[in-house]
Structure formats: structure tokens, C-alpha cells
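Hi everyone, thanks for coming. Let me put the structure on the screen, and then I'll walk you through some parts of it.

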Amino acid sequence: MKEILIGKLSKQALPHEWFTIGGSVAFLALALLIIIVITRKKRWKWLWNDWLTSVDPKKIGIMYFIVGGFMLIRGGLDAIMIWLQQALGASNVPGLTGEAAHGYLSADHFQQIFTAHGNIMVFFVAMAFVFGLINYIVPLQIGARDLASPFMNTLGFWLFVGGVLMVNMFFLLGGEYAATGWLAVAPLSEKAFSPGVGVDYWIWSLQISGIGTTLGAINFIMTILKMRAPGMTLLKMPLFTWGSLCSMLMAVTIFPLLTATLFLLFFDRYLGTHFFTIMGGGNQMMYTNLIWMWGHPEVYVLILPAFGVFSEVVSVFSRKAIASYKSAVLGMIGVSSLALSVWLHHFFTMGASANVNAFFGLMTMLIAIPTSVLVFNWIATMYKGRIRFDTPMLWFLGFVAVFAMGGISGVMLAVPPIDFQLHNSLFLVAHFHSTVIGGVLFGIFCALAYWFPKLTGIKLNERIGRKAFWFWIVGFCMSFIPMYLLGLMGATRRLDHYDSSTGWQPLFILMFIGGLVIATGAVLQLAQILASFIQKKKLYDRTGGDPWDGRSLEWSTASPPQFYNFTSIPIVTSRDAYLQMKLKGLTKPKFEDIHVPKNTAAGIYISIFGFLIGFAFVWEIVWLAVASVIGIIVVFIVRGFDEHSEYTISSHEVQNLEQERTKKDMPLFSKNNNDTDEEMGVWDLTKYLAFFFSDIIRKKLWHKW
Amino acid sequence: MVENNKNNLHIDHEAAATDRAMFGFWIYLMTDLLMFAVLFAVYSVLFKSTQGGPGGSELFSLRLALTETLILLTSSFTVGLAMIAARRFNKSQVLFWFGVTFALGVAFLSIELKEFAELIHEGHTLKINAFLSSFFILVGTHGLHITFGLLWMSTTLAYVIKRGLNSQLVRKLAMLSLFWHFLDIVWIFIFTIVYLKAFV
Amino acid sequence: MSAVGHEVKQSEHSTTRSYVIGFILSLIFTFIPYKLVVNKTVTGTALLISILVFALLQMFVQITFFLHLGRGPKPRWNLYFFYSTVGIILIVVGGSIMITNNLHYNMMPSDQTKKLLNDENIYQIGGGRTGVCQAQHENHRVNISDGLVSPLYITAQKCDTLTFINNDEKYLEISFGLHPEHDAYAGENDIIVRSGKSKTITLSESGSFRFHNHLQPETAGYFTVKEP
């Protein structure tokens, strides 16, 4: 009876390890804090109506950033735990805890940590930030008011949140995550070798968010191909939009492959099929084959929007058009096309013949060509430009250095004989971190620094921002250059301990310190945001939406833009559309009727049911799975046949809204606003916070007595 | 005059929205096709792994498969006729032809379920070997899609009866007919690669 | 005001005629491969290719006559998406089949290697290729018990096989040449034969040779391999 009701759930599933208790307490405390704050400020209605059920891609974009930011902290903590374990993991150092033979983590726990780290960083940080950026910026750049399907947008976001919830669920119930590496290769991920719920949580967190990603990708493609402003042909689009288009075309191609493969693994574990099992005729290499058919193009999905960001930033901060627009576009298309023909390089060592290995090695090396076309394009753009070294430009330059290192090590690994030596060594780990951190993460930071004034109306604090950048890049080099060396010395990846006679420990310690430097950089970034809000009046963007003298259409809107983006859809006649509009003299704002999609909670409801389906499958609670499937169908039917999902605001109302906004922003535009104060530095911020908190404490104590 | 303009704007807006929706649905169908591609790839690699047990030539009935194929093909034809009626807002014809399609779909599913039931009854379940696993999952996934299609069809027709045919419902029926045609195309390949190939 | 009452513009191509043509052609392209398989008019790879071709033809028929793809106004995004999807499906399915075949060929378990060797007339001894041999002619058996070799002398033709059968208590370590210098025979040396078991080698080198048990060198035998 109990089994029918709650499946495999039992008291054993409740947290009883130090990390599951710690993690649960942390999450619950955070949730409680948020709930208390919102309740006290009576903001539940506002939260629900203005944010959670919103279909405005700008709001959804910011929500992606917030969730992605939290997951970045979680993934970063995982990374620090890994660094620390490896720094302590020399064989002559005794284990620090009861269950750890070396370092302070048991082998099984360590495996779960690096698995979670990989999954979180790729799916729930990088994809989150990329989707957030595309959501916010692309409609503004192409002169659209919204995405093609606002409902699919909110649905995709909430499915993503469902995945985030699922990947963190094991803290509360289950106590274990997958210990198989971030791609859970069979047969280790089969029931016979991973009998616990960890791999099931892995499957369903990726499955739920993966479906969200596919829907989002379809949406973005529809938008870019069908909703551009009149006159904006494909070859007049900004390069960030191009990067997003190529990225989403790849995403829509490969995520179905992941969905199918995850289902097959799920069937093996749940229904007893023999796709990848050892007995019964399964083919384990087929799993590796299929998962890498997804996995390789995925990294290009992540990097192409970053390439787009850099193209824009380099152009604006060198005050020059991109050196060769067409070759930049060809470069992006080239990378996307080749990305689908290289996946075997992830398993060169698995016994394919020399000819097969050679083919894939060749194709992999070829990808360096369109990538270089892009890099040289950017450098040529800088040449004879009037360069400004604001923070976005610094991030771009950091990217060039780090990503080049990663790219070159990648081309080395593309050579099968070299790969036979370096496969699954720390050299490989250093390679992909160089490209992902140097490319994707720096791209995200660059984008946030560049577009922060558009999102909030405030320029970011440059002083702290610069410090943050230098901490990041110095920390990165301290952490990952030794990793290349260790790889060449023979250290494999995923090591939780090693023989002290190898002499590796000093390098691992150096890597850990580098990790702390990176962490400081991250803290400084948070400090930067805080300082910018504190000095809001000083840093307020008084240009009315164009602080960098931008070139593309998003700078023509207010900062932050109104919910309808543009009062009237602009007519585009050339590339760098906004720059042309400025040179020719801006036209007066026109007003027209605007169709606005209504908010909807359907995305939230469907995702709740989606989460419950995954949860039900993890714990084998059949009735819950069936009920949730029915629930999803019902919500779809109700939403699908709802014929009143839009409302119209007349041009008259738009005019009023614009006037109200201008009136509201007026005070911030005036000049008497302490703008003779210097920008805050780190020490200033610390003093400010110290006074702020001591003030609160003093008031509270005073009030009490 | 202004009214007319507003009306035109509205129609343009609707036409653009319909165009986008059909295009988006088409892309979704492509992703569904890719998922089937994985299942076909897996079947092609694993169909020989019978672990000494009977293979397709011993377990399948070509006659049955042909029957299923003809039923589904006819239903794809009738759904096309249904859409011609839908675009003419001919409610009774729509109900008739979609009704026929629905009946054919149900017939297809019943034959397929019977085939599955017989195999399982004889002990050839998807747990036995990789060949049976990939057969059941590939053909079963197609059957699941047909089931969803039938559910979609019945719900939409219910709304058609209740609200009458309007352009929103015609758009939904258009997407459904795309879905149905696409399922027949996938079935062509199942018929060829699973059933016919077993007897080559 | 919605567009109720207006006839939605029928795509000029979406006529009853096109559906009927598509239906008839699809029927034809269904029956032909069916008949081919049932009557076994063609066999083997030719049949496989034929049925796949007919499947593709029927797909194109349905794409054109049922789905009207590629007949709408430009830009024909639907068509481009369809073609790229077909290309990717070829990569996914074709790539998977080619790669798994390649991996299987290079990495298959040893009990299946024997069949491959027989099929391809490759005789491998000790992992090394010794050259292509014609199909084996005769198998010669050597019994070793109580430290005695029987028969002591063996005459064989090139590409015959020689089986060492161990009827002793202890395992044998068959080496070639004189002890302790040892020569290898056709790349083979130190063949372990467990008690009660046997091992077979292919006689792919011609000449006169001596073998002995490395653990008990007095146990020795001779074999002569003649050219065919």
C-alpha cells in the first residue's frame, strides 16, 4: 500500500549526510528569507502579476539571469570543493574526515560533485544566461515588440526552472546525485551500476529543461526569421542576432537528439530495455555516440551568442564598423555547419579505425578556420579604431587571450595520436574550461557590462568592475595554466587523490589558490552591481538610453525599455541601423495601436506538472505520473483553446504612457545630483556597507530600549 | 475609412500570426522527426541483437503491416480532404472527414495494440533483448504520437461543434493535419525499415 | 472583427486533385516494394536499396501533394528546414550505423574474431599477421602426457594446423627451437597450454622446426612444414 502511494520514497530518502543536511538547510533558509521579505512588503500580487506570469521577454530575460546567477554560485562552490579536495588529495596527506581516504571528501561524494558541477554550469548557468540575453536583446535589436510566441517563452522558462528544481531536489529527498560524470555514460549510468536515484534525478532535470530549451530555440528562430522590422534583411541584422540565430538553429537540431537519448536511458533503467545494457545485446558505444552527437554542437550553441556579443562590443568600443560583416556571418554559419560533423573526437580512443579517426580529426581542425575568421575580424575592427577601454572591452580582450589558448589546445587534441595521450587528462579539462570560461562566461560578463545600462538605466561602476576583471583573469591563469602542465605530466581528470611521488600537489595547491582569486573576482562583481545601485543617481544614464553611442536598434529605446519596446516599429535601411538613424537625424516618435499578449500562468502550471512527472518517475510513484500527465493535457487544452490571449492598447494610450515615463525620469536627469562625487571603490563600498548595517543595528537596538 | 484600416490591420496581424504559428509548428515537427531519427538509428544498430531469439522475419506479419500502412495512408488522404473543407469553413464536411480520419486512426491503433499484445503474450517483451527493445520503443513511440493526435482531434472537433468554425480553430486543424501527414511519413519508414527489411 | 465568413485563401495547390494524385502514387509506392519483398523478385542488397528508394519516393510524393512543401511564397523557410533536417537525419542514422560497424569490426570480442578470420582468410598468430593462408587443409594433433610427445615427428603442409593437447597434470609452456635459446615460430613463442586443454597454431612458415616444453625441456617434438 505504501509503495503504491509514495513509490520508493522512505525515511531513508530524507537528508542525513552533512552535505544534504547543509544544502537543504541553506535552500530552505533562503526560500524562507525570500518569503518573509515579500510577505512583509506585501509584494505577492506584484510578484505574480508583474514578474512570474509575465510573458514580456525582458522580464523573462532578467528572471533567467537571476536563476542562472544563483546556479553560478552553486556550481562555483562545487568547483571550489573540487579544487580543495585535489589540493589535499596527495597520498601522503591523511584523510581529514572519517569517510575520506584522502582529502576531505569520500570518493563517491567527489564524483557526485564534479558531475553536478558540469551539469549545472552547462545547462543551468551558461544556457540560462544565453537564453536570458537572447530574450532581452534580440527583439530590441530586430525592432520587434516580443517573441513570436509569448506563451512558449514563459513555458520554456518555467520548464527550465523545473529542471533547476530537479537538479537540486536530491538535497531534500534522495541524498545522492549521479556519480557518473556530467554525461552519465552507459553502462555506468545503467541500473546495474547506479541503482540509486541519482542518475534518475540527472535524467529528469536535463529532460525537463531540455524540452524548455527546444521550445525556446523554436521561438527564437521564428522571431528572428519572421519578425524583423521592415527593411531589415538578414544581412542587415546585428551580429548578436546572427550569433543567436546560428546558435538556436543548432540547438533546435540537437536537443531532440538529447531528449531521445535520455528517454532511451530512462527506458533502460525503468522498463528494463536493453539499449545500452551489458546483457541483452545492448550497445554501450551507441550511447556515447548519441550523447556526443548532442554534446559537441551544444558547446557551439553556447559560444555563438558570445561571438555575437563580442562582435558588437568590439565594434562599438572601437567606434568602427565590424571589419567585414559578411565574413563574420560566414564564420558563424561555418562554425554551425561544421559543428555537426566532429562528434567522434570525443571518443577517438574507443577503437574506431585510423581512417575514421582521421576524418573526424580533420573536420575538428577545420572548425578552427571559421573561428579564426571571426577572431581576425575583431582584431581588424580594432585596428585604426578609436578604442575605449571600458569594462566590456576588457572582457573582450581577456576573451581573446584565454579563448585562443583554449582553441589552440583544442586543435592539438583534434590530432588523434595526441589525443590518445591526452584524452581524459587534465589537459582536456584545461582546454574546455579555457574555451567555456574564456569564451562563454567572459562573453556573458561582457554582455552584462555592455547592456546593463539598457536593462536598468544605470552604468556599472567602472572602478570595481576593472578590479573584478583582473581578479578573474589572473585567477583563471593561476588555476588553469598549471592544469595544462599537469595534463601533460599524466594527471587524469576526475582524480580525487594521487600519489605524492608524482610531485603534483604544489600545482594543485596553486590551482586552489587561483580558484580563491576567481571567487574574489566573482564577489567583486556582486560588489560592482551593489555599488552601481547605491550610486544610482551618479551613474544614471542621462543620454536617454544610449550611453555607449551604440550602433544597433536596442539603443534607440528607453533604458529600461517600455514593455512594448518601441512606440512604432522602426524602418531599417542599412546595417548598424541606429547609427544610421542618428547620423541622418532621428525622426519624431510615431504612435500606433499595439497588440499586447496577456500574462499567463499556464507556463507555471505546466512546468509544475512537468516537474511532478519527473519526480514521480524518479521515485516510481505511478499515480502521480499519470495525474501529472493528465494535468498537463488539461492545461494545454484550456490554454490552447483560449481565444482571448491578447489585448490592444490604442496609440493614444501609448502616447500617454510615454509622457508619464518622461515625467518620472525627469528628476534623475537634472544636474544637481552629487555627480561631483567620485565613483566608489572597493574600500568605499565596504565602508558604506559597514555604516549601513551598523545604522540598522543601532536603530533596532535604540528602538528596542 | 479609419474602421476599414483598423480592420485590415487586424486581418494582417492575424495572417502574420497564423503564418508564424504554422512555421513554428513546422520547426517543431522537424525536431520530432529528429527524435525519430535517433530511434531509427538505434533500431538499425540493434535489430540484429536477438541473443539467439527470433528476429523480425519470425515475429512480424507483413500482411498486418500492409493493412496498417493502407489504413494510415487513407487517413492521411482524408485529413487532406478535411482541410480543404476547413478552409471553406464548411463545418459539416469538416466533421465528416475528420470523423473518418479519426475512425481510421482508431483502427490503426487497435491493430497495432493487438500486434503488441500478441507478442507480449508469447513472451517477446521489450525486456528480452535489444532487438525487441528497439522495436517496441520505435513503433510504440509512433503509436503514442497517433494517440496524442487522436486526442487532439477529438478535443478540437468538440470545440468546433461547440463554437463553430472560426479562423482560430481552422488554424488549429491545419496544424493537426500537418501533424497527421507527418506521422504517415514516419510510418512509411517504419514499414520499410522495420517490417519490409526484416524479410529482405 | 475576425475573419469569419471570409474564405481563408486556399493555397492554389491545395486542391482535391493534388490529394488524389498523392494518394494514388503513395498506394503504388507502397505496393511495389511490398510485392518485391513478398515475391522475392530481387534479393539482398539490391532489394534493400529498392525498398528504401520507394520509401523516399513516397515521402517526396506526400511532401509535395499532401504537404504542398516548396510551393508557397518565398522565402521558403519550411522547405529549407525540411532539407536540412533530412541531411541531419542522414548524418545521425548513417553516421551511427557506420561508426558502430567500424567499432564493432575493430573491437569485437575474440570468440567472434575466429569467424572473421575464417571468412577473410586471415591467419593471425599471437596477434600478428603472418600473411594470407589458403583455407586450412589438415589438423595435426600432438599429445603430451607423462612428459612424452606423441607422435614425435609430424609432417604437414603449409597452412595446416597443429594442435597441442595437454594430458599432463601441469600446464605446458610450448616454446620453439632449442632450450634456452628459443626461436619463435611464425611470431609465436611460449604458448601456455593448461592441463587437460589444447591450443592450435597455424603452420604458416615452411621448414623443419623443433618445439619443447620450456618448463621441462626434455619434452620435445619435431615438425616439418612443406610448401604446397
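In chain B, take the contacts, meaning heavy atoms within 4.5 Å, between residues at least 6 apart in sequence: 82% of them join residues at least 24 apart. Before I go on, please keep in mind that this is a predicted model, where local features need pLDDT of at least 70, side-chain atom pairs count only at pLDDT 80 or more, and totals for chains, interfaces and linings use all residues. Residues are numbered from 1 along each chain as its sequence is written, chains are lettered from A and ligands numbered from 1 in the order in which they are written, and side-chain values use heavy atoms, with hydrogens and water left out.

Back to chain B. It has six helices and zero strands, where helices (H or I, at least four residues) and strands (E, at least two) are DSSP runs, numbered from the N terminus. Along the sequence, then, the pattern of chain B reads α-α-α-α-α-α. Its C-alpha atoms fill a box of roughly 80 × 30 × 25 Å, taken along the principal axes. Of the 200 residues in chain B, 60% are buried; buried means under 20% relative accessible area, exposed over 50%, and partly exposed in between, with a 1.4 Å probe and protein chains only.

Now, how does chain B meet chain C? How many residues does each of these two chains bring to the contact? Chain B brings 45 residues and chain C brings 48 residues. Together they bury about 4200 Å², and 80% of that is on carbon and sulfur atoms. Buried area here is the accessible area (1.4 Å probe) that two parts lose on being put together, summed over both. On the chain B side, B:Trp26, B:Phe77 and B:Arg87 lose the most area to chain C, together 14% of what that side buries.

Which parts of chain B supply that side? Helix 1 (2-46), helix 3 (62-87) and helix 6 (167-198) of chain B each supply at least two residues, and helix 1 gives the most, with 15 residues. By type, the chain B side divides into 29 nonpolar, ten polar and six charged residues. In this scheme Ala, Val, Leu, Ile, Met, Phe, Trp, Tyr, Cys and Pro count as nonpolar, Asp, Glu, Lys and Arg as charged, and the others, Gly among them, as polar.

Between chain B and chain C there are zero salt bridges, a salt bridge being a side-chain nitrogen of Lys or Arg within 4 Å of a carboxyl oxygen of Asp or Glu. There are two residue pairs in polar contact, both at pLDDT 80 or more. A polar contact is a pair of N or O atoms within 3.5 Å; within protein, one must be able to donate a hydrogen and the other to accept it, and residues adjacent in sequence count only if both atoms are side-chain atoms.

Chain C also touches chain A. Here 23 residues of chain A are in contact with 13 residues of chain C, and the buried area is about 1400 Å², with carbon and sulfur atoms giving 80%. Zero salt bridges turn up across this interface. On the chain A side, helix 7 (198-226), helix 8 (239-270), helix 9 (284-317) and helix 11 (354-382) give two or more residues. Helix 9 of chain A gives the most, with five residues. The chain A side divides into 17 nonpolar, five polar and one charged.

Next, some backbone details. Most residues other than glycine have a negative phi, and most peptide bonds are trans. The peptide bond from A:Ser559 to A:Pro560 is cis, with omega near -10 degrees, and A:Pro560 lies in the loop between helix 17 (536-539) and helix 18 (577-584) of chain A. Another cis bond joins C:His179 and C:Pro180, with omega about 0 degrees. As for phi, A:Arg494 has a positive value near 60 degrees, and this residue counts as partly exposed, at 36% relative accessibility.

Finally, the cysteines. The structure holds zero disulfides over all chains, a disulfide being a pair of cysteine sulfur atoms within 2.5 Å.
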